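Please keep the sequence and the three-dimensional view at hand while reading.

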Amino acid sequence: ENTTRFNLKVACTDGGSPPRSSIASLEIIIEGRNDYAPKFDNPFHLGIIIPENSPVGTSFLRVHATDQDKGEEGKIKYMIDPNSANFARNSKFFGIDQDSGVVRIVHSVDFELSLA
């Protein structure tokens with residue numbers, strides 16, 4: 001995480017006559033937020049072969065990524081990229097658990113049955 005530090009002197013004065021004052025030192029640390037992009041453990045294109053008659057609900061892959069950020073900024077959520085080619089078709093047949101990264105069949109991939 002990137003951090004930035006500020007060292008300040010803070011003064012206060014009362015309304016008396018003569019006025020009295022005091023000074024305190026203050027250190028402020030700003031931690032970077034969302035400094036890092038998540039990285040897949042295996043970022044390469046994977047070729048997976050699944051039988052056409054695999055039942056709905058079958059899981060066949062678990063993807064995993066890590067993020068060096070702390071707290072909520074480092075929490076990973078998985079999804080099928082809505083900007084990817086054939087998103088509508090692909091997301092009809094396959095889904096991914098947003099927390100675990102498990103990819104499952106969500107619609108029959110038995111094309112003789114599902115496209116008949």
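The largest pocket is lined by 33 residues, and those nearest its centre are Leu61, Val63, Ile80, Ile96 and Val103. The model is a predicted one.

**The largest pocket**

- The space inside the largest pocket amounts to about 1100 Å³.
- Sorted by class, the lining of this pocket consists of 19 nonpolar, six polar and eight charged residues.
- Strands β3 (39–40), β4 and β6 each provide at least two residues of the lining.
- Which strand gives the most to the lining of the largest pocket? Strand β4 does, with three residues.

**The three-stranded sheet**

- Three strands form an open sheet in the order β4-β7-β6, and their pairing is antiparallel.
- Strands β4 and β6 are the edge strands, since each of them pairs on one side only.
- On average, neighbouring strands of this sheet are turned by 25 degrees against each other, with direction ignored.
- Strand β4 (residues 59–62) is joined to strand β7 (residues 102–105) by three bridges, and the two run antiparallel.
- Within this pairing, Ser59 has Arg104 in β7 as its bridge partner.
- Strand β6 (residues 94–96) also pairs with β7 in the antiparallel sense, over three bridges.
- Which residue of β7 is the bridge partner of Ile96? The partner is Val103, and both Ile96 and Val103 are among the residues nearest the centre of the largest pocket.
- Strands β6 and β7 make up a hairpin in which five residues lie between them. In the turn, Gly101 has a positive phi of about 80 degrees.

**A buried aspartate**

- Asp69 is located in the loop between β5 (65–66) and α1 (87–93).
- Is Asp69 buried or exposed? Asp69 counts as buried because its relative accessible area is 6%, and the cut-off for buried is under 20%.
- A polar atom of the Asp69 side chain lies 2.8 Å from the backbone nitrogen of Asp35.
- The Asp69 side chain also reaches the backbone nitrogen of Tyr36, at 3.1 Å.

**Two backbone features**

- As background, most residues other than glycine have a negative phi, and most peptide bonds are trans.
- Asn86 has a positive phi of about 60 degrees, although this residue is not a glycine.
- Asn86 is found in the loop between β5 and α1, where Asp69 also lies.
- Asn86 counts as exposed because its relative accessible area is 53%, and the cut-off for exposed is over 50%.
- The peptide bond that leads from Ser17 to Pro18 is cis, with omega near 0 degrees.
- Pro18 belongs to the loop between β1 (3–13) and β2 (21–31).

Definitions and conventions: Residues numbered from 1 in each chain as written. Predicted model: local features only at pLDDT ≥ 70, side-chain atom pairs only at ≥ 80, totals over all residues. Heavy atoms only, no water. Pairing = 2+ DSSP bridges. Helix = DSSP H or I, 4+ residues; strand = E, 2+ residues; numbered from the N terminus. Buried < 20%, exposed > 50% of the residue type's maximum accessible area, 1.4 Å probe, protein only. Polar contact = N/O pair within 3.5 Å; in protein donor to acceptor, adjacent residues only side chain to side chain. Axes fitted to C-alpha atoms, helices over the stretch in contact; angles between N-to-C directions. 1 Å grid on protein atoms, 1.4 Å probe; cavity = no way out; pocket = protein on both sides within 12 Å on 5 of 7 lines; lining within 4 Å. Points joined across faces, edges and corners; volume = space filled by probe spheres on them. Nonpolar A, V, L, I, M, F, W, Y, C, P; charged D, E, K, R; others polar.
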